[in-house]
Structures are given as structure tokens and as C-alpha cells.
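Take a moment with the model before reading on.

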Amino acid sequence: MMLDVKGAISDWLERRSMRRHRSRIGWRLAPRYSDYLERCRRENPLKPDLDPAVAAAVETFRRDGVASFWTPRTRAVADAVRSGLELREAAGEAVWKPINDYAVRNYAGDAWLDFPAFEELFAGDLGGFLSAYFGSAFKILYGAMYRSEHLQEHRIGSQMWHSDSGPGICINVMFYLHDTTPANGPLEALPWNRSLALYETEKRLMRRGALDRYGASKRDRISNWYAERIAAGDGGPVLQPSGQAGLVVPFLNNTLHRGGYPAAGHARTAIVFHCYPSHRAIDLARYRAKGIAKSAPYPADPAAEF
């Protein structure tokens, strides 16, 4: 009985934290990041002028935690990066690392250092989106460029439904270098409120053993249960933005999502950025010097320079 009471209290605290902070990082840690966002808005408030397509995406993102936009300027960045990749591949350079355990070929270098066009993206429309949503300056924790191919007949890793379970102030941004259709396996996501509705029952079901039949590992059990509930319509319509090269797809770190499972004969080349608010103006020269390679899944101190 005591365990049931403790479990109920823990579940209540977790649900309250997810609702307040849009985070699955835990009710003890989540407020640290929300407090930092408020600090950024006090110390370095921004309200940029936006392209209409970008402004519309900000409003959609506030509601759903998932959005997309495209402009001729984002297309120009995608074209420049893609052309650079093609030239390197034609010259015989080892552009991609061997396929990893998640059926992905990671880029062999540092995308920011090798493709200066990415700076234009953040100095332009994507930077405007981030500043408008945060209400402050922003910074980039890391970026990872990769190519997904159809290599097996079942989903693995991030191809399965999951949440990144990081700080609620983190915005993940997918940027596609090629035109995409659903056959390319672009990101699928549920709006935040629909994701939350599934999260709120997950721990209770796990503790009761109700998900044991969904798989051998904890990850498989949860992901397969998500897939069943989403297929049954519990999560509502799945969002899967696609379109011309240069499509920008921001989504909250904690939305329920999956991606990178192209149909046979198709592939997806993209970069994902993890972005945070900042109490200082962004220092693009810093990234020019050090790049944006991944060093941690999320910052222990959101106020740190990165």
C-alpha cells in the first residue's frame, strides 16, 4: 500500500512538471531550465521582424510544439550545402562514416566548419524563428548531419516512437537538404498536448507490468505501446512535414516523434540542431572557431557558454 501511495505521489509530481515545463527530464530538474528561459527574456529580450511564413510557424509552434517553414533563403542554404556534399563525394572524399547501429551514416566532419552556409540559416530565418519563440537570443548546443537509408524491414532506434526526454526549453530543428515526401522518412511527430496525454499514463502502466507484453526491453515496450495507441487514433493525426529542399522543421525536444525510416529506394539527408535560449547575444564567431559537434545530450548548466 505504501508503494502505491509513493508511486501515486511520484506520478502526480511528474505530470505537474510535464505540464508546467514541457519536459520529461524529471520534476526536480525541469524548473532549472524554465527559470533560465525567464532570465534570458529579462536580460536580453528580442522581438524580431519575421517573414510571414516564419511568423506563422512561430504561432503554430506555440500551440503544437511542432511546426515547419520554407523560404527562398532556406532553400539557398540547402542547395549550397548539398552541392558541397556532392562535390566532395565526386572527388572521392569519405563524406559519411560507416553505417552505425541505428542504420544511419553520420557526417564524417563538423558540418558547421565545413559548410559556412549554415551560419546564414541562423543569421536569417531560423534565427528569427528561435528569437521570436524564446523572446530572447539563442545558442546552439550541437548539430549532427546524417544520411538515413532503407537497410532493414523493421524500425530501430530513433526510427521508433520516442521522446528525447531533455529540458523543456530545448528546440530540436530538422533541416532537409533534399526535397522530401513521406517516402523519404521525414520526421513524424505528435503535437505536445497529444504527446502529453500518452506520457501521463505511461509510468503507471509500466509499474503495473501492463506493458510487459509489448517487448523484451523497456524501450521496446514503451515504443511499441506508443505505436499501438497512435495507430488506434489516441494521439490524433500524426504530423509529417515534407516539401522542397530547405524545409525547416522545429519541434520540442519532448514531443513524441520518430523519423529516418525511408521506403526502399529512398534516402533522407538532414541535419538536426539542438537550440537553447541565451542571456547573451549569439556569438557566431565562436561556432566558426569550435564547430558544433555533440559533447552532451543536454547542458547541465543552461547558462553555460556553448
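Which residues lie nearest the centre of the second largest pocket? They are Arg 24, Glu 202, Lys 218, Ile 222 and Tyr 226, out of 13 lining residues. Keep in mind that this is a predicted model. The second largest pocket has a volume of about 280 Å³. Two elements each give two or more residues to its lining: H8 and helix H9 (218-231). H9 gives the most, with five residues. By class, the lining of this pocket holds four nonpolar, four polar and five charged residues.

Now turn to the largest pocket. About 1,000 Å³ of space lies there. Its lining runs to 44 residues. Nearest the centre of the largest pocket are Tyr 142, Ala 144, Tyr 146, Val 272 and Lys 294. Strands feature in this lining. Strand E1 (104-106), strand E2 (137-149), strand E3 (171-176), strand E6 (257-258) and strand E7 (267-278) each supply at least two residues. E2 gives the most, with six residues. The classes in the lining of the largest pocket are 19 nonpolar, 18 polar and seven charged.

A probe the size of a water molecule, rolled over the atoms, shows where empty space is left. How many cavities of 30 Å³ or more does a search of the whole structure find? The search finds one. The volume of this largest cavity is about 60 Å³. Asp 11, Glu 14, Arg 15, Met 18, Arg 24, Tyr 199, Glu 200 and Lys 203 line it. Helix H1 (2-21) and helix H8 (192-208) are the elements that each give two or more residues to that lining. H1 gives the most, with four residues.

Step back to the whole chain. Its secondary structure comes to ten helices and seven strands. The radius of gyration is 20 Å, close to the 19 Å that the globule rule gives for 306 residues, so the protein is as compact as a globular protein of that length. The C-alpha trace spans about 65 × 50 × 35 Å along its principal axes. Of the 306 residues, 51% count as buried. The accessible surface comes to about 14,000 Å², and carbon and sulfur atoms own 52% of that surface.

Where does Gln 244 sit? It is found in the loop between H9 and strand E5 (248-252). Its relative accessibility is 40%, so Gln 244 counts as partly exposed. Leaving aside residues up to four places away in sequence, Gln 244 touches Trp 70, Arg 75, His 178 and Asp 179. Met 174 is 70 residues from Gln 244 along the chain, and the C-alpha atoms of the two are separated by 13 Å.

Technical notes:
Residues are numbered from 1 along each chain as its sequence is written. This is a predicted model: local features need pLDDT of at least 70, side-chain atom pairs count only at pLDDT 80 or more; totals for chains, interfaces and linings use all residues. Side-chain values use heavy atoms; hydrogens and water are left out. On a 1 Å grid over the protein atoms alone, a cavity is a set of points where a 1.4 Å probe fits but cannot get out, and a pocket is an open set with protein on both sides within 12 Å along at least five of seven lines; lining residues have an atom within 4 Å of a point. Grid points are joined across faces, edges and corners, and a volume is the space filled by probe spheres set on the points. The radius of gyration is taken over C-alpha atoms; the globule rule is 2.2 Å times the number of residues to the power 0.38. Buried means under 20% relative accessible area, exposed over 50%, partly exposed in between (1.4 Å probe, protein chains only). Accessible areas come from the Shrake-Rupley method with a 1.4 Å probe; for residues, only the protein chains shown count as cover. Ala, Val, Leu, Ile, Met, Phe, Trp, Tyr, Cys and Pro count as nonpolar, Asp, Glu, Lys and Arg as charged, and the others, Gly among them, as polar. Contact means heavy atoms within 4.5 Å.
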